[in-house]
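Hi everyone, thanks for coming along. Let me put the sequence and the structure up, and then we can walk through them together.

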Amino acid sequence: MTSQSRKKSVAVAGASGYAGGELLRLLLSHPDVEIGTVTAHSNAGETLGSLQPHLLPLADRVLAETTVENLSGHDVVFLALPHGQSGAVAAQLPESTVVIDCGADFRLQDAGAWEQFYGSEHAGTWPYGLPELPGQRTRLAGASRIAVPGCYPTVSTLTLAPAVEAGIVEPEVVVVAASGTSGAGKSPKPHLLGSEIMGNASAYGVGGTHRHTPEITQNLSGLIDGAVAVSFTPLLVPMPRGILATCSAKLKPGVTADEARAVYEKAYAEERFVHVLPEGQWPQTQSVIGSNAVQLQVTVDEAAGRLVAVGVIDNLTKGTAGGAIQSMNLALGLDEATGLSTVGLAP
């Protein structure tokens with residue numbers, strides 16, 4: 001373990017929300033960091049324990065205002081802010097500070113796509129915090145600015161990437177992904193009331209309108225010489241956290257189920273957080289809750305001539321805070337898995 005004097009000082013902006021709370025939960029177990037300032041907007045002045053009672057070691061911390069002054073002086077700053085709010089804060093922090101944005105502000109390369117889906121001026125593009133994508137570890141090593149992927153893009157990309165990169169499927173994919181309610185954030189919303197969500201499942205962002213669609217498209221298109229068309233439909237289901245993504249694409253002629261499986265096993269053989277399950281075992285969200293693990297399974301629908309791959313993650317861990325810390329580790333030159341686990345909670 002690194003000595004106390006050499007630990008990196010970390011600030012978390014937006015500490016009262018779900019992503020901020022998950023960041024703090026994981027950082028409390030990280031041997032190489034020390035948690036510094038924690039901030040919020042409307043909850044500034046309240047104790048963290050009144051809003052995040054599960055974070056007992058930090059219960060007495062008082063949330064500061066989210067200002068550049070309060071965030072300055074730390075080695076690492078995590079921004080768990082609403083979309084569109086990170087750019088102005090990050091622009092005022094020195095390049096020597098590692099700034100990791102858990103929002104969408106710096107994920108997209110295409111300014112037009114940002115303006116179309118988010119309705120504001122594009123803030124720019126930072127190195128993308130999905131280390132498992134080809135070439136990303138090199139870009140993240142020593143980086144001082146990192147854009148954490150969205151939760152849906154994380155699981156959808158990793159579930160389809162081996163097939164797309166290997167060219168065993170046509171560049172047209174379908175993703176139907178079911179997510180728990182924490183993905184919508186902590187702000188009160190009528191459709192997330194218990195009486196509305198319990199016993200109910202619903203689709204939203206249908207017809208290519210969800211904001212994560214261009215991000216999934218960007219990730220998969222970057223794996224080939226050309227573009228990948230993505231049809232993405234998200235579902236809201238009555239559970240607090242987790243995502244299950246069912247992904248399919250038309251197979252190239254002659255590709256067998258064994259060959260498809262071999263592609264996935266080779267792609268993820270050295271990955272510590274991505275696991276292709278034994279044949280016949282299908283991913284379930286409860287297996288990854290609280291962990292940074294991705295669990296996958298792949299098969300071939302011979303009658304339809306399609307590859308079918310299913311992946312699961314915890315949207316708050318690997319889908320947000322875990323991915324952010326994994327990227328921080330790379331930026332700081334630490335072992336990538338430091339402070340992270342593949343062990344979920346059950347039942």
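The protein chain contains 11 helices and 13 strands. Please keep in mind that this is a predicted model. How does the radius of gyration compare with what the globule rule gives? The chain comes out at 20 Å, close to the 20 Å that the rule gives for 347 residues, so it is as compact as a globular protein of that length. Along its principal axes, the C-alpha trace spans about 60 × 45 × 45 Å. Of the 347 residues, 52% count as buried. If we take contacts between residues at least 6 apart in sequence, 69% of them join residues at least 24 apart.

Now to the inside. In soluble globular proteins, nonpolar side chains tend to be buried together. Here, the largest nonpolar core has 39 residues, and those with the most contacts inside it are Val164, Val169, Val173, Leu220, Tyr264 and Leu307. Elements giving two or more residues to this core include α7, β7, α9 and β9. Which element gives the largest share? That is α7, with 8 residues.

Let's zoom in on Val169. Leaving aside neighbours within four places in sequence, Val169 is in contact with Ala163, Val164, Ala249, Lys250, Leu251, Lys252 and Leu307. There is also a second, separate core of 34 residues, which includes Leu23, Leu24, Phe78 and Ala321.

Next, a helix to look for on the screen: α9, residues 213-221. Of its 9 residues, 8 are buried, so α9 is largely enclosed by the rest of the structure. Among the buried ones are Pro214, Glu215, Asn219 and Leu220. And what covers them? The cover includes α5, α7, β7 and β9.

Tyr152 lies in helix α7 and Phe232 in strand β9, so the pair ties together parts that are 80 residues apart in sequence. Both Tyr152 and Phe232 are buried.

Last stop, strand β12, residues 294-301. Here 6 of the 8 residues are buried, so β12 is largely enclosed by the rest of the structure. Strand β11 pairs with β12 in the parallel sense over 3 bridges, and Val274 stands opposite Val294 in β12. With strand β13, β12 pairs in the antiparallel sense over 7 bridges, and here Asp301 stands opposite Arg306. β12 and β13 form a hairpin with 4 residues between them, and Gly305 in the turn has a positive phi of about 70°.

Definitions and conventions:
Residues numbered from 1 in each chain as written. Heavy atoms only, no water. Buried < 20%, exposed > 50% of the residue type's maximum accessible area, 1.4 Å probe, protein only. Contact = heavy atoms within 4.5 Å. Pairing = 2+ DSSP bridges. Rg over C-alpha atoms; globule rule 2.2 N^0.38 Å. Core = buried A, V, L, I, M, F, W, Y, C linked by side-chain atoms within 4.5 Å.
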